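Colleague: Before I rely on the wording used for this model, I would like to hear what stands behind each term.

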Number of protein chains: 2
Amino acid sequence: MSQQTGAFTHLGRPRKLIDGLDRVSGRTRYAGDVRLPGMLYGKLVLSPYAHAAILGIDSAAARALPGVVAVLTAADLPTSGKVASSRQTTTLAAGEVRYRGEPVALVLAESEEAAADGAAAVNVEYAPLPAVASHAAALAPDAPVIWPAGAPKEGADLTSEHAATSGGASVERAGGPSNLHEQRRYERGNVAAALAAADLVIERTYRTPVVHQGYLEPHAAVAAYDPLTRNLQIYTSTQGQFGVRDEVARLLGLPRARVTVIPMAVGGGFGAKYGIIEPLAAAAAVAVGRPVRLSLTRTEDFLTTTPTPASEFRVRLGATRAGVMTVLDAEIFLDNGVFPFTLGGIVAMLFGGYYRFEHLRIVINEVLTNKPQSGAYRAPGAPQASFAIESTVDELAYALGMDPLELRLANAAGPGDPTGEGEPWEDMGLRECLAAAARHPLWVNRASECGPGEGVGLAVGGWPCGNTTAAALCRVDTDGTIRVHVGSVDISGTNTGFQLIAAEILGVPPEQVEIVAGDTRSGPFAGPSGGSQITYSVGGAVAEAARAARRQLIELASQLFEASVEDIELRDGQAFVRGVPARAIPIARLAEEAQDRHGGPGPIVGEGRSAPADNAPGFVVHIAKVHVDTETGRVTPLRYVAIQDVGFALNPLLLEGQIHGGAAQGIGFGLYEALRYDEHGELLTASLMDYTLPRAAALPPIEVVFVERPSPYGPFGARGVGEPPITAGAAALANAVRAATGARVLETPLRDEVVWQALHQA
Amino acid sequence: MSQQTGAFTHLGRPRKLIDGLDRVSGRTRYAGDVRLPGMLYGKLVLSPYAHAAILGIDSAAARALPGVVAVLTAADLPTSGKVASSRQTTTLAAGEVRYRGEPVALVLAESEEAAADGAAAVNVEYAPLPAVASHAAALAPDAPVIWPAGAPKEGADLTSEHAATSGGASVERAGGPSNLHEQRRYERGNVAAALAAADLVIERTYRTPVVHQGYLEPHAAVAAYDPLTRNLQIYTSTQGQFGVRDEVARLLGLPRARVTVIPMAVGGGFGAKYGIIEPLAAAAAVAVGRPVRLSLTRTEDFLTTTPTPASEFRVRLGATRAGVMTVLDAEIFLDNGVFPFTLGGIVAMLFGGYYRFEHLRIVINEVLTNKPQSGAYRAPGAPQASFAIESTVDELAYALGMDPLELRLANAAGPGDPTGEGEPWEDMGLRECLAAAARHPLWVNRASECGPGEGVGLAVGGWPCGNTTAAALCRVDTDGTIRVHVGSVDISGTNTGFQLIAAEILGVPPEQVEIVAGDTRSGPFAGPSGGSQITYSVGGAVAEAARAARRQLIELASQLFEASVEDIELRDGQAFVRGVPARAIPIARLAEEAQDRHGGPGPIVGEGRSAPADNAPGFVVHIAKVHVDTETGRVTPLRYVAIQDVGFALNPLLLEGQIHGGAAQGIGFGLYEALRYDEHGELLTASLMDYTLPRAAALPPIEVVFVERPSPYGPFGARGVGEPPITAGAAALANAVRAATGARVLETPLRDEVVWQALHQA
């Protein structure tokens, strides 16, 4: 239950997913389920090398196989000759491959099996070239430079949503050819002097590996093109159909209006589904004039999509003996992979923004390596930043002999304080979250709660949350059905929230509200389902649309009842004259009257738009209790508390579910998950046998605590909630291990051997 | 060109069909082209008798055929036990068949061929019963009564759109069991006295046969049902998805919101596609749990759909010697077929409404027969009514020795004069059409124009035109595309008109406007594409929506240019500051700015609704020149002029096309078309080998003349135009034959033998 439920009939009360039954009963249709007449099945031929010249591609044997229709290489595509500047603008490699898993050819066949046989029969001749597989190797003086003329530039990055602004940063490119794509510096005060003046300086270096988003549904898309009308249709698993449309149109040289992207149900995205395989599927469909389906296997998905960057944080944090944090100095390395994916801004913002530092210097090195380009992953950069800052702050508490929560509370940033980038924070509730943690029994009683080898740790996490304009529509049908049209993709239950918003405003049971989600042609505009922005942005448009419909219904009822509009109320699917319960008319009848009457108002339709002026950052404090087996280093999470400022819990049931999921991903990031590459850039963990996603049995009970500091712009005060719950897990777990054992683990995941080593160093 | 084009950039100028290229290149997808996974093909078993008891249905042999999945009879359907009250509410016959072609069983199979084999193998045992196949036979004293307890009643008739109101009528049902379903009487003045006082009384009896709509695409529908969610989807060739949805939902006992009707491209409707086979396709899909496709052959379509009723008009018309029509007295018989389809109101309205009669009595007998139920056919009842009144008036002119056009002009009704029902006409332009005819060279020079055996005749026709509320939406995309959302089905080019309306209002080239037509879930509400109402009703909503978008664009441009909104104009896809051509911004950029700006207006979306207070009747005068071969009776149309009050010719090219089509159908009605039944009710003309549709070679050149008397409520003054052009053809041709030969032909079509007989009687 939300804390503010009293005022509402439906909002703030738990409600199940609209599409839950479809999902669990297997009725939901995903992009990979689409079958079009004449459709061909595509199979990728991926580079086995992290760096190599392509000397030749012999597809004769593949073409001779029954069912194989075509083997496409870069030159066969309408995108041929275009410069790819990102994974999202890549189709097939030409001349050279620059990471293991780069697509080199696409086999199209009448069946998936024939396509796989064909792909196995394509003979690509490579000349291997030296590769750099880590930021350290990439920055070595004699390292081969991936892009001697600088990383290619062209067009907008689909995920620029997540790339923070460079507000307050000075950005430098290295002079000569280098794998250092960009260096950002954020600086205020006098760091050197402050470090010298500090009573204590904690200095540590943290490392995190490449982590994959781990969605259940690998990438899949079906593209169909009509050469006569130049209409291209793409059915895809995407978080944002409009961005995919614009990018595909640009790459293929088609007018946007000729490209229709139909977003199918998404089996998880977490930032990776802004358009990766769609340009290739579309280019192939254009090339062969038949619909093309491309659906990745798990291994292909691990090899050729966009995981989160590996990172290294070299941190110095200075404070007074009284526990005032005065200075933060850090050099950060982010492993972008083959194309730039610059998270520096957001990393700096968070890393240096949880606490008030008078003196701050953050230098961020964006490094290119022969690995898949990194990409957005649920609060991109935040788990890494939180792990580094929150481990350091924890160490500071130990060094000061202070309660780690009180230390944080004393230094925590609030609205208007500068972020690590230097801009002021919007309205946010970090201190409220810390206050809630201070009251929580697991924290209060942590000493008595813990047996041998057990410890409780906490950490802060946060995310600025996104904000895009949106439109929505609310129609009232003659059977009383309220139909709310939105352009957003429902990944996390947002449609269920919209249902509650419309039901609340129109005074109808939620069952009476149907959400109609559009494609790029039929739908209203909405931003992508990323950045924790859909409820925040689209929800406001839905509320406006419902209010517009409400006004029309009330106006009509007031005419029919010859009562003033102030005296009409909507409740239980009916319009009443206030205080005269006998004078009631169902909304269905009002809609019918509106629709039937010549010279009347016309069908009931409300239109709503929203464009929130500011973001609404979402903060969390997570508390973890772990057991550490000191003989093996095995960390077992025992209890977990996720405290989060959600602004207003529109639908507490789904918020809880989403926070469970986010916390689980944070625990996965902290304890289990890593894409490991060898020094040649070969991926060592290319299946779910090697890449450890946390399963239910590996997770502790997760308790969710809502903090509700209403955002000024979100509908009913709601904030974004999707990303914040992943941010603090790794740090909270590391801090719990520290509490349990005295050992500080400096890298994620907290695997047995890493913890064991830390224990033996401690 | 429209006469009012000067003020507009796009409106009133000829523009080709938006979907013309798709249609002529075979790309348009019709309902019969839909293929769903697991879909079964349906084939009907039709009654070979016009009246019989069903003693048994043996489907064992059919079921044993390979590919046959099910043989359904009435009892297998979820509609079992429901009373069918119309063809539209019929699924399969139970116990008794009442017309030749009534569906008795439905075979479902894996292929169309297997279904056909299965249908041939179903063995139905009938006991034939006596049938009545004409209104005369049905009204004979000893006639078997089809519905001894009265025709079944239930639910709304989908085509009630076309069934006129009973305003001014006294309606009677016969006392005992009878095939006379209803008798309507419209009466004013003192008819008996007026007839006695008249200087001249013309008395004639006219007959018209059953005529089919003759659309190119027979009925087709695909229905799919999900038993878990109870969602039913119907892809169909329909003129109005909302009506089909409501009726199918009612028949199957589903909530309307669970039924989605997706209107596919329509290959002609002309009133017959308001839902005939959809309930059966849907019921079958529910019964078997698999998608079901039902697509009629031409013969099935002739046998089991709803043609226009046969009619008999017994007319007496009295006038003074000076040419003042004083009295009209008529008894009319309409052959409804097996279920009531009461056109009496509209027939009376028109038949008695073209001219001002002080004294009037119209008695209309709605008669039930063992034939397919009649239904709407482009201006239902109007060709019959016009044939009767306009032949009679023509005879009066001969009798008086008056110019037939001057006689008409002297007596023609105008706005406010009573219709045959007694209600006053809305704003209408019959006199303007007659005035245009009086100026036309074919009429002016008719004496010198005609060689031996040739003659020129003219006739009046009219239609009240419909009017339904509608909503529309206008989105401006970031590439400048204007997307107009409507819920209407585009049969006659209405979308192209909407494109021009939006282009005109938003100052963009029409190419930049895209029309998005919705289904019952996604679309705005609109009435069915019948009653000549779409441009009139939906066009107004489109204009409102475009104006709302225009206001938002202008407001934003005024902010960006720091100019007042009055100084902003939209032209050529850009916003300008008036008088400062250098200060311009493309609409695309404005849309982008609106969509991107936090705290801005949000995406540009205009919402519009319309609910015209009154109808806008559309009148025509058609002039036909024919040659009559006096040896064979063969009538050859040589020239044809269609004069029509269109209010405002939004798109003259398509209006001309639509008037060509309507005139061609009128010529078909007048010269060629008839569904002939023998006395047992067997259809003798069940294919296009026997049923003569006019082909291009059988048609004369058709010249279109627009009269533009703006309607007070239509967009830019437009009126409905679809139905009026069919109304006058039969009468104009008969009057031309009279002019050529002196012979009055009293029945349609003017087949050789009929004309020959008339010549030899004369």
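Colleague: How do you know that chain A and chain B are in contact?

Modeller: This is a predicted model, and in it 43 residues of chain A are in contact with 43 residues of chain B, where contact requires C-beta atoms, placed from the backbone, to lie within 7 Å. On the side of chain A that touches chain B, the strands β18 (470–476), β20 (513–517) and β24 (605–610) each supply at least two residues, and the largest share, 4 residues, comes from β24(A). By class, that side has 17 nonpolar, 12 polar and 14 charged residues.

Colleague: What makes the surface the same for both copies?

Modeller: Of the contact residues of chain A, 100% recur in chain B, and the same surface thus serves both copies.

Colleague: What makes the contact of α9(A) with α10(A) nonpolar, polar or charged in class?

Modeller: Val347(A), Leu350(A) and Phe351(A) of α9(A) meet residues of α10(A) including Ala382(A), Gln384(A) and Ser386(A). Counted by class, the contact has 7 nonpolar, 2 polar and no charged residues, with Val, Leu, Phe and Ala counting as nonpolar. The helix axes lie 9 Å apart at an angle of about 35°, and the crossing is right-handed.

Notes. Residues numbered from 1 in each chain as written. Chains lettered and ligands numbered in written order. Predicted model: local features only at pLDDT ≥ 70, side-chain atom pairs only at ≥ 80, totals over all residues. Contact = placed C-beta atoms within 7 Å. Axes fitted to C-alpha atoms, helices over the stretch in contact; angles between N-to-C directions. Left-handed = near helix turned anticlockwise from the far one by under 90°.
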